[in-house]
Amino acid sequence: MSFLSDEDRTRSEAFLRDGYLIVPAQDRQALDRIRDFVAQRTAAFLGCPLPPAVQPFLDAIAEHVTVERLNALRLHLIDALLGEPWFRQAYYACGRGVIESIVGNELAMQRGIGFSIQLPQDESSVLPLHSDVWSEDSPFEVVLWIPLVDVARTKSMFLLPPGPDARWRTRMHEFAASGVDALFAAVEDDLEWLGIPYGNVLLFTHTLMHGNRVNREPTARWSMNVRFKGLFTPYSDKQLGDFFEPITLRAATRIGMTYQLPGGFDE
Amino acid sequence: MSEQTAGYRGYIASRPVRGTSFPQRVQNLVVRNYAERRGLPFKLSLTEYAMPRSYMMLATLLDELPKLDGLIFFSMFMLPENRERRVAMYERVLAAGATLHAALEEKVLASDRDIASFEDTIAVAFTLRAAPFGGRIEKDGRPLQASAVSFINLTLK
(Lines give C-alpha, C1' and ligand atoms only; values in the text may rest on other atoms or scores of the structure.)
Protein backbone atom coordinates (compact mmCIF):
# COMPACT_ATOMS: atom_id res chain seq x y z
CA MET A 1 0.00 0.00 0.00
CA SER A 2 1.25 3.45 -0.77
CA PHE A 3 -0.37 6.78 -0.12
CA LEU A 4 2.22 8.67 -2.13
CA SER A 5 0.88 11.52 -4.23
CA ASP A 6 0.93 11.06 -7.99
CA GLU A 7 3.91 13.38 -8.23
CA ASP A 8 5.84 11.55 -5.51
CA ARG A 9 4.99 8.18 -7.07
CA THR A 10 6.15 9.28 -10.51
CA ARG A 11 9.38 10.65 -9.11
CA SER A 12 9.97 7.56 -6.96
CA GLU A 13 9.45 5.18 -9.85
CA ALA A 14 11.85 7.14 -12.03
CA PHE A 15 14.44 7.33 -9.24
CA LEU A 16 14.30 3.60 -8.60
CA ARG A 17 14.45 2.85 -12.32
CA ASP A 18 17.21 5.30 -13.29
CA GLY A 19 18.97 6.06 -10.01
CA TYR A 20 18.55 9.79 -10.54
CA LEU A 21 16.22 12.66 -11.36
CA ILE A 22 16.98 15.85 -13.24
CA VAL A 23 14.46 18.60 -12.57
CA PRO A 24 14.32 22.39 -12.89
CA ALA A 25 15.65 24.19 -9.79
CA GLN A 26 12.68 24.78 -7.54
CA ASP A 27 13.96 28.20 -6.52
CA ARG A 28 15.63 29.66 -9.59
CA GLN A 29 16.44 32.92 -7.83
CA ALA A 30 18.34 31.00 -5.18
CA LEU A 31 20.36 29.16 -7.82
CA ASP A 32 21.15 32.38 -9.70
CA ARG A 33 22.21 34.00 -6.44
CA ILE A 34 24.65 31.15 -5.76
CA ARG A 35 26.05 31.24 -9.31
CA ASP A 36 26.43 35.02 -9.32
CA PHE A 37 28.14 34.94 -5.93
CA VAL A 38 30.57 32.30 -7.18
CA ALA A 39 31.33 34.34 -10.29
CA GLN A 40 31.90 37.53 -8.27
CA ARG A 41 34.21 35.82 -5.79
CA THR A 42 36.06 34.09 -8.61
CA ALA A 43 36.68 37.36 -10.43
CA ALA A 44 37.85 39.02 -7.21
CA PHE A 45 40.16 36.11 -6.37
CA LEU A 46 41.70 36.11 -9.84
CA GLY A 47 41.87 39.88 -10.07
CA CYS A 48 39.96 40.06 -13.31
CA PRO A 49 36.83 42.08 -14.17
CA LEU A 50 33.45 40.32 -13.96
CA PRO A 51 31.68 40.60 -17.32
CA PRO A 52 27.89 41.03 -17.40
CA ALA A 53 27.38 37.55 -18.90
CA VAL A 54 28.21 35.17 -16.07
CA GLN A 55 27.98 31.81 -17.78
CA PRO A 56 30.47 32.56 -20.59
CA PHE A 57 32.86 33.86 -17.91
CA LEU A 58 32.60 30.61 -15.95
CA ASP A 59 32.78 28.47 -19.08
CA ALA A 60 35.97 30.20 -20.18
CA ILE A 61 37.63 30.35 -16.77
CA ALA A 62 40.66 28.46 -18.12
CA GLU A 63 41.66 31.77 -19.75
CA HIS A 64 42.11 33.26 -16.28
CA VAL A 65 43.33 30.46 -14.02
CA THR A 66 45.97 27.76 -14.24
CA VAL A 67 45.57 24.20 -13.06
CA GLU A 68 48.12 25.00 -10.34
CA ARG A 69 45.90 27.74 -8.86
CA LEU A 70 42.68 25.85 -9.31
CA ASN A 71 42.58 24.15 -5.92
CA ALA A 72 43.29 27.42 -4.10
CA LEU A 73 40.37 29.00 -5.97
CA ARG A 74 38.14 26.03 -5.18
CA LEU A 75 38.94 26.16 -1.46
CA HIS A 76 38.46 29.93 -1.45
CA LEU A 77 34.99 29.52 -2.96
CA ILE A 78 34.00 26.78 -0.53
CA ASP A 79 34.99 28.97 2.42
CA ALA A 80 33.20 31.97 0.92
CA LEU A 81 29.97 30.06 0.28
CA LEU A 82 29.91 28.41 3.71
CA GLY A 83 30.59 31.80 5.28
CA GLU A 84 27.34 33.16 3.83
CA PRO A 85 24.39 32.60 6.20
CA TRP A 86 21.93 32.30 3.29
CA PHE A 87 23.88 29.77 1.28
CA ARG A 88 22.83 26.39 2.68
CA GLN A 89 19.17 27.32 2.79
CA ALA A 90 19.40 28.54 -0.80
CA TYR A 91 21.03 25.29 -1.85
CA TYR A 92 18.27 23.27 -0.21
CA ALA A 93 15.64 25.51 -1.82
CA CYS A 94 16.94 24.51 -5.26
CA GLY A 95 15.90 20.90 -4.71
CA ARG A 96 13.47 20.95 -1.83
CA GLY A 97 10.48 19.32 -3.55
CA VAL A 98 12.37 16.53 -5.21
CA ILE A 99 14.34 15.78 -2.04
CA GLU A 100 11.11 15.55 -0.09
CA SER A 101 9.63 13.22 -2.72
CA ILE A 102 12.61 10.85 -2.61
CA VAL A 103 13.85 11.13 0.98
CA GLY A 104 11.11 12.61 3.14
CA ASN A 105 10.57 15.92 4.86
CA GLU A 106 12.48 15.48 8.12
CA LEU A 107 16.01 15.81 6.90
CA ALA A 108 19.67 15.89 7.75
CA MET A 109 21.84 17.98 5.41
CA GLN A 110 25.59 17.83 4.87
CA ARG A 111 27.23 20.74 6.67
CA GLY A 112 29.98 21.22 4.11
CA ILE A 113 29.90 21.24 0.35
CA GLY A 114 31.66 19.51 -2.50
CA PHE A 115 32.78 21.96 -5.17
CA SER A 116 34.33 21.01 -8.49
CA ILE A 117 35.92 23.07 -11.24
CA GLN A 118 37.12 20.90 -14.09
CA LEU A 119 39.13 22.70 -16.74
CA PRO A 120 39.29 21.29 -20.25
CA GLN A 121 42.01 18.63 -20.58
CA ASP A 122 42.88 18.85 -16.85
CA GLU A 123 43.96 15.39 -15.77
CA SER A 124 44.29 16.38 -12.10
CA SER A 125 40.53 16.64 -11.47
CA VAL A 126 39.53 13.12 -12.41
CA LEU A 127 37.28 11.30 -9.96
CA PRO A 128 37.67 7.56 -10.54
CA LEU A 129 34.72 5.19 -10.67
CA HIS A 130 33.33 4.63 -7.18
CA SER A 131 30.25 4.36 -5.02
CA ASP A 132 30.26 6.61 -1.96
CA VAL A 133 28.84 3.73 0.07
CA TRP A 134 32.11 1.86 -0.46
CA SER A 135 33.76 4.36 1.86
CA GLU A 136 32.19 6.51 4.58
CA ASP A 137 28.65 7.10 3.35
CA SER A 138 25.32 5.49 4.16
CA PRO A 139 23.14 4.05 1.37
CA PHE A 140 20.29 6.11 2.81
CA GLU A 141 21.87 9.34 1.55
CA VAL A 142 21.16 11.06 -1.76
CA VAL A 143 23.26 13.70 -3.49
CA LEU A 144 21.90 17.00 -4.76
CA TRP A 145 24.35 17.85 -7.55
CA ILE A 146 24.02 21.30 -9.06
CA PRO A 147 25.91 22.54 -12.12
CA LEU A 148 26.60 26.26 -12.45
CA VAL A 149 27.03 25.95 -16.22
CA ASP A 150 25.50 23.72 -18.90
CA VAL A 151 27.11 20.28 -18.57
CA ALA A 152 27.09 17.27 -20.89
CA ARG A 153 29.34 14.39 -21.99
CA THR A 154 32.81 14.52 -20.40
CA LYS A 155 32.06 17.97 -18.99
CA SER A 156 29.52 16.26 -16.75
CA MET A 157 29.57 13.17 -14.53
CA PHE A 158 28.73 9.60 -15.40
CA LEU A 159 26.52 7.14 -13.58
CA LEU A 160 26.11 3.39 -13.94
CA PRO A 161 22.34 2.76 -14.08
CA PRO A 162 20.78 0.48 -11.44
CA GLY A 163 20.54 -2.63 -13.64
CA PRO A 164 24.15 -2.72 -14.80
CA ASP A 165 25.29 -1.47 -11.38
CA ALA A 166 23.68 -4.48 -9.68
CA ARG A 167 25.21 -6.86 -12.23
CA TRP A 168 28.71 -5.41 -12.04
CA ARG A 169 28.60 -5.20 -8.27
CA THR A 170 28.30 -8.98 -8.09
CA ARG A 171 31.38 -9.27 -10.31
CA MET A 172 33.46 -6.58 -8.65
CA HIS A 173 35.67 -9.10 -6.84
CA GLU A 174 36.95 -10.22 -10.25
CA PHE A 175 38.82 -6.90 -10.42
CA ALA A 176 40.52 -7.27 -7.04
CA ALA A 177 43.94 -7.62 -8.66
CA SER A 178 43.48 -5.45 -11.75
CA GLY A 179 42.02 -2.38 -10.00
CA VAL A 180 39.55 0.42 -10.68
CA ASP A 181 40.75 1.33 -14.18
CA ALA A 182 40.07 -2.23 -15.32
CA LEU A 183 36.63 -2.08 -13.72
CA PHE A 184 35.96 1.22 -15.50
CA ALA A 185 36.97 -0.29 -18.84
CA ALA A 186 34.61 -3.19 -18.21
CA VAL A 187 31.59 -1.01 -17.35
CA GLU A 188 32.31 1.87 -19.75
CA ASP A 189 29.77 0.84 -22.38
CA ASP A 190 27.03 0.76 -19.74
CA LEU A 191 27.72 4.25 -18.35
CA GLU A 192 25.28 7.09 -18.73
CA TRP A 193 26.67 10.62 -19.10
CA LEU A 194 24.21 13.09 -17.66
CA GLY A 195 23.40 16.18 -19.71
CA ILE A 196 22.13 18.95 -17.44
CA PRO A 197 21.44 22.47 -18.70
CA TYR A 198 22.06 25.28 -16.20
CA GLY A 199 18.89 25.93 -14.21
CA ASN A 200 18.36 22.23 -13.50
CA VAL A 201 19.49 20.10 -10.57
CA LEU A 202 20.40 16.44 -10.33
CA LEU A 203 19.40 14.21 -7.43
CA PHE A 204 21.06 10.79 -7.48
CA THR A 205 21.80 7.84 -5.25
CA HIS A 206 25.50 7.53 -4.61
CA THR A 207 25.05 3.79 -4.08
CA LEU A 208 25.46 3.62 -7.87
CA MET A 209 28.94 3.67 -9.36
CA HIS A 210 29.76 7.11 -10.70
CA GLY A 211 32.62 9.53 -11.32
CA ASN A 212 34.09 11.69 -14.04
CA ARG A 213 36.85 11.62 -16.65
CA VAL A 214 39.10 14.23 -18.18
CA ASN A 215 36.91 17.04 -19.49
CA ARG A 216 37.35 16.86 -23.27
CA GLU A 217 34.85 19.62 -23.97
CA PRO A 218 36.10 23.13 -24.83
CA THR A 219 34.70 24.77 -21.65
CA ALA A 220 35.02 24.27 -17.88
CA ARG A 221 32.68 22.34 -15.64
CA TRP A 222 31.48 24.02 -12.44
CA SER A 223 29.39 21.94 -10.06
CA MET A 224 28.49 21.58 -6.39
CA ASN A 225 27.26 18.60 -4.42
CA VAL A 226 25.63 18.19 -1.02
CA ARG A 227 24.21 15.08 0.64
CA PHE A 228 20.79 14.75 2.26
CA LYS A 229 19.20 11.90 4.19
CA GLY A 230 16.26 11.09 6.39
CA LEU A 231 17.09 12.40 9.84
CA PHE A 232 16.37 9.06 11.53
CA THR A 233 17.63 6.67 8.85
CA PRO A 234 20.88 4.79 9.53
CA TYR A 235 24.14 6.74 9.34
CA SER A 236 27.54 5.38 8.40
CA ASP A 237 30.85 7.01 9.28
CA LYS A 238 29.64 10.44 8.16
CA GLN A 239 27.68 11.14 11.28
CA LEU A 240 25.19 13.59 12.61
CA GLY A 241 27.17 16.40 14.20
CA ASP A 242 30.47 16.33 12.38
CA PHE A 243 29.11 15.81 8.86
CA PHE A 244 25.32 16.17 8.92
CA GLU A 245 22.97 18.39 10.86
CA PRO A 246 19.19 18.48 11.25
CA ILE A 247 17.54 21.09 9.03
CA THR A 248 13.81 20.33 9.21
CA LEU A 249 13.15 18.97 12.69
CA ARG A 250 9.37 18.59 13.12
CA ALA A 251 7.20 19.47 16.10
CA ALA A 252 6.09 15.88 16.80
CA THR A 253 9.74 14.80 16.94
CA ARG A 254 10.57 17.59 19.37
CA ILE A 255 7.72 16.47 21.59
CA GLY A 256 8.67 12.80 21.35
CA MET A 257 12.33 13.42 22.10
CA THR A 258 11.60 15.28 25.30
CA TYR A 259 8.51 13.46 26.55
CA GLN A 260 8.83 12.01 30.04
CA LEU A 261 6.35 9.45 31.40
CA PRO A 262 4.84 10.19 34.82
CA GLY A 263 7.05 8.74 37.55
CA GLY A 264 7.11 8.18 41.29
CA PHE A 265 5.23 4.88 41.36
CA ASP A 266 6.16 2.23 43.95
CA GLU A 267 5.60 -1.54 44.06
CA MET B 1 42.12 38.05 24.71
CA SER B 2 41.84 40.92 27.08
CA GLU B 3 44.30 39.69 29.66
CA GLN B 4 47.54 37.82 29.62
CA THR B 5 46.09 34.69 31.16
CA ALA B 6 43.22 34.36 28.66
CA GLY B 7 43.08 31.72 25.98
CA TYR B 8 41.18 28.58 25.10
CA ARG B 9 41.51 25.45 27.19
CA GLY B 10 41.14 22.08 25.46
CA TYR B 11 39.01 19.29 26.89
CA ILE B 12 39.52 15.70 25.74
CA ALA B 13 38.02 12.34 26.71
CA SER B 14 39.14 9.11 28.33
CA ARG B 15 35.84 7.46 27.55
CA PRO B 16 34.48 6.48 24.13
CA VAL B 17 32.76 9.34 22.34
CA ARG B 18 29.55 8.11 20.69
CA GLY B 19 30.84 4.56 21.00
CA THR B 20 34.24 5.21 19.43
CA SER B 21 37.49 5.38 21.38
CA PHE B 22 39.77 8.05 19.95
CA PRO B 23 43.43 7.98 21.07
CA GLN B 24 44.10 11.05 23.21
CA ARG B 25 46.96 12.01 20.91
CA VAL B 26 44.49 12.13 18.03
CA GLN B 27 42.01 14.13 20.11
CA ASN B 28 44.73 16.63 20.94
CA LEU B 29 45.69 16.93 17.28
CA VAL B 30 42.08 17.70 16.33
CA VAL B 31 41.70 20.28 19.12
CA ARG B 32 45.04 21.96 18.43
CA ASN B 33 44.42 22.06 14.69
CA TYR B 34 40.98 23.59 15.26
CA ALA B 35 42.52 26.31 17.44
CA GLU B 36 45.31 27.02 14.95
CA ARG B 37 42.95 27.36 11.98
CA ARG B 38 40.84 29.89 13.86
CA GLY B 39 43.70 31.76 15.43
CA LEU B 40 42.58 30.87 18.97
CA PRO B 41 45.38 31.00 21.57
CA PHE B 42 45.46 27.43 22.81
CA LYS B 43 46.13 26.24 26.33
CA LEU B 44 46.86 22.61 27.06
CA SER B 45 43.92 20.24 27.30
CA LEU B 46 42.44 18.78 30.43
CA THR B 47 41.51 15.11 30.19
CA GLU B 48 38.23 13.91 31.64
CA TYR B 49 38.40 10.84 33.87
CA ALA B 50 37.41 7.45 32.48
CA MET B 51 34.74 6.68 35.07
CA PRO B 52 31.23 6.70 33.51
CA ARG B 53 29.29 9.91 34.17
CA SER B 54 32.32 11.64 35.71
CA TYR B 55 32.60 15.31 34.79
CA MET B 56 35.10 16.31 37.47
CA MET B 57 37.59 17.76 35.02
CA LEU B 58 34.81 19.67 33.33
CA ALA B 59 33.85 21.14 36.72
CA THR B 60 37.46 22.24 37.13
CA LEU B 61 37.38 23.83 33.69
CA LEU B 62 34.20 25.73 34.50
CA ASP B 63 35.83 27.10 37.64
CA GLU B 64 38.68 28.35 35.45
CA LEU B 65 36.31 30.15 33.05
CA PRO B 66 36.87 33.66 34.46
CA LYS B 67 40.50 33.35 33.36
CA LEU B 68 39.72 31.94 29.89
CA ASP B 69 38.32 33.13 26.57
CA GLY B 70 36.68 29.79 26.05
CA LEU B 71 36.76 26.02 25.94
CA ILE B 72 37.54 23.71 23.05
CA PHE B 73 35.95 20.29 23.47
CA PHE B 74 37.23 17.49 21.28
CA SER B 75 33.55 16.73 20.51
CA MET B 76 30.16 18.16 21.44
CA PHE B 77 29.24 14.61 22.46
CA MET B 78 31.49 14.92 25.51
CA LEU B 79 28.91 17.26 27.02
CA PRO B 80 26.87 15.77 29.91
CA GLU B 81 24.07 13.47 28.73
CA ASN B 82 21.64 15.11 31.14
CA ARG B 83 20.00 18.01 29.33
CA GLU B 84 19.55 20.23 32.39
CA ARG B 85 23.20 19.78 33.22
CA ARG B 86 24.21 20.67 29.67
CA VAL B 87 22.05 23.77 29.58
CA ALA B 88 23.38 24.91 32.94
CA MET B 89 26.86 24.52 31.49
CA TYR B 90 26.05 26.59 28.40
CA GLU B 91 24.65 29.31 30.62
CA ARG B 92 27.71 29.31 32.80
CA VAL B 93 30.01 29.60 29.79
CA LEU B 94 28.00 32.45 28.29
CA ALA B 95 27.64 34.24 31.62
CA ALA B 96 31.44 34.25 31.88
CA GLY B 97 31.62 35.94 28.47
CA ALA B 98 33.36 32.88 27.08
CA THR B 99 32.67 30.62 24.09
CA LEU B 100 32.35 26.87 23.79
CA HIS B 101 33.85 25.16 20.75
CA ALA B 102 33.41 21.59 19.53
CA ALA B 103 36.45 20.79 17.40
CA LEU B 104 35.30 17.60 15.69
CA GLU B 105 31.97 19.11 14.71
CA GLU B 106 33.45 22.58 14.09
CA LYS B 107 30.62 24.24 15.99
CA VAL B 108 30.71 27.28 18.24
CA LEU B 109 28.40 28.29 21.03
CA ALA B 110 28.87 32.02 21.41
CA SER B 111 25.37 33.23 22.29
CA ASP B 112 21.94 32.01 23.42
CA ARG B 113 20.98 31.62 19.77
CA ASP B 114 23.56 28.85 19.32
CA ILE B 115 22.10 26.64 22.03
CA ALA B 116 19.29 25.34 19.80
CA SER B 117 21.75 24.18 17.15
CA PHE B 118 23.80 22.26 19.74
CA GLU B 119 20.72 20.82 21.40
CA ASP B 120 18.96 19.74 18.18
CA THR B 121 21.98 17.77 17.04
CA ILE B 122 22.60 16.18 20.44
CA ALA B 123 18.93 15.32 20.99
CA VAL B 124 18.58 13.68 17.58
CA ALA B 125 21.84 11.75 18.04
CA PHE B 126 20.61 10.38 21.37
CA THR B 127 17.19 9.57 19.87
CA LEU B 128 18.87 7.68 17.00
CA ARG B 129 19.74 4.93 19.49
CA ALA B 130 16.03 4.10 19.47
CA ALA B 131 15.71 4.36 15.67
CA PRO B 132 15.75 1.31 13.37
CA PHE B 133 19.14 -0.41 13.32
CA GLY B 134 20.21 1.88 16.14
CA GLY B 135 20.51 4.61 13.53
CA ARG B 136 23.64 3.04 12.10
CA ILE B 137 24.46 0.85 9.13
CA GLU B 138 27.25 -1.68 9.61
CA LYS B 139 29.10 -2.47 6.40
CA ASP B 140 29.38 -6.21 6.88
CA GLY B 141 28.35 -7.06 3.33
CA ARG B 142 24.75 -7.96 4.16
CA PRO B 143 21.75 -5.87 3.17
CA LEU B 144 19.73 -4.43 6.02
CA GLN B 145 16.55 -6.17 5.05
CA ALA B 146 16.26 -9.89 5.68
CA SER B 147 16.21 -11.01 2.05
CA ALA B 148 19.21 -10.66 -0.21
CA VAL B 149 17.49 -8.11 -2.44
CA SER B 150 19.19 -4.73 -2.33
CA PHE B 151 16.93 -1.88 -1.27
CA ILE B 152 17.68 -0.06 -4.49
CA ASN B 153 15.87 -2.73 -6.47
CA LEU B 154 12.69 -2.69 -4.43
CA THR B 155 9.64 -1.99 -6.54
CA LEU B 156 6.91 0.31 -5.37
CA LYS B 157 3.99 -1.72 -4.06
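**Entry 1: two helices of chain A**

I looked up how helix H2 (residues 28-46) of chain A lies against helix H5 (residues 87-102) of chain A; their axes come within 8 Å and cross at roughly 130°. That angle makes H2(A) oblique to H5(A), because only angles over 145 degrees would count as roughly antiparallel and those from 65 to 115 as roughly perpendicular. I note here that I am reading a predicted model.

I then checked the hand of the crossing. H2(A) passes H5(A) in a left-handed way.

**Entry 2: the residues in that contact**

Which residues in H2(A) meet H5(A)? I find Ala30(A), Leu31(A) and Ile34(A) on the H2(A) side. On the H5(A) side I list Phe87(A), Ala90(A), Tyr91(A), Ala93(A) and Cys94(A). I sorted the residues of this contact by kind and got 8 nonpolar, no polar and no charged.

**Entry 3: the make-up of chain B**

I turned to chain B and looked up its secondary structure, which comes to 4 helices and 5 strands. Reading along the sequence, I wrote down the pattern β-α-β-α-β-α-β-β-α for chain B.

How many of the residues of chain B count as buried? I have 44% of its 157 residues as buried.

I next took the contacts in chain B between residues at least 6 apart in sequence; 68% of these join residues at least 24 apart.

Last, I looked up the surface. Chain B exposes about 8,600 Å², and carbon and sulfur atoms supply 55% of that area.

Terms used. Residues are numbered from 1 along each chain as its sequence is written. Chains are lettered from A and ligands numbered from 1 in the order in which they are written. This is a predicted model: local features need pLDDT of at least 70, side-chain atom pairs count only at pLDDT 80 or more; totals for chains, interfaces and linings use all residues. Side-chain values use heavy atoms; hydrogens and water are left out. Axes are lines fitted to C-alpha atoms, for helices over the stretch in contact, and angles run from 0 to 180 degrees between N-to-C directions. Angles under 35 degrees count as roughly parallel, over 145 as roughly antiparallel, 65 to 115 as roughly perpendicular and the rest as oblique. A crossing is left-handed if the near helix is turned anticlockwise from the far one by less than a right angle, and right-handed if clockwise. Contact means heavy atoms within 4.5 Å. Ala, Val, Leu, Ile, Met, Phe, Trp, Tyr, Cys and Pro count as nonpolar, Asp, Glu, Lys and Arg as charged, and the others, Gly among them, as polar. Buried means under 20% relative accessible area, exposed over 50%, partly exposed in between (1.4 Å probe, protein chains only). Accessible areas come from the Shrake-Rupley method with a 1.4 Å probe; for residues, only the protein chains shown count as cover.
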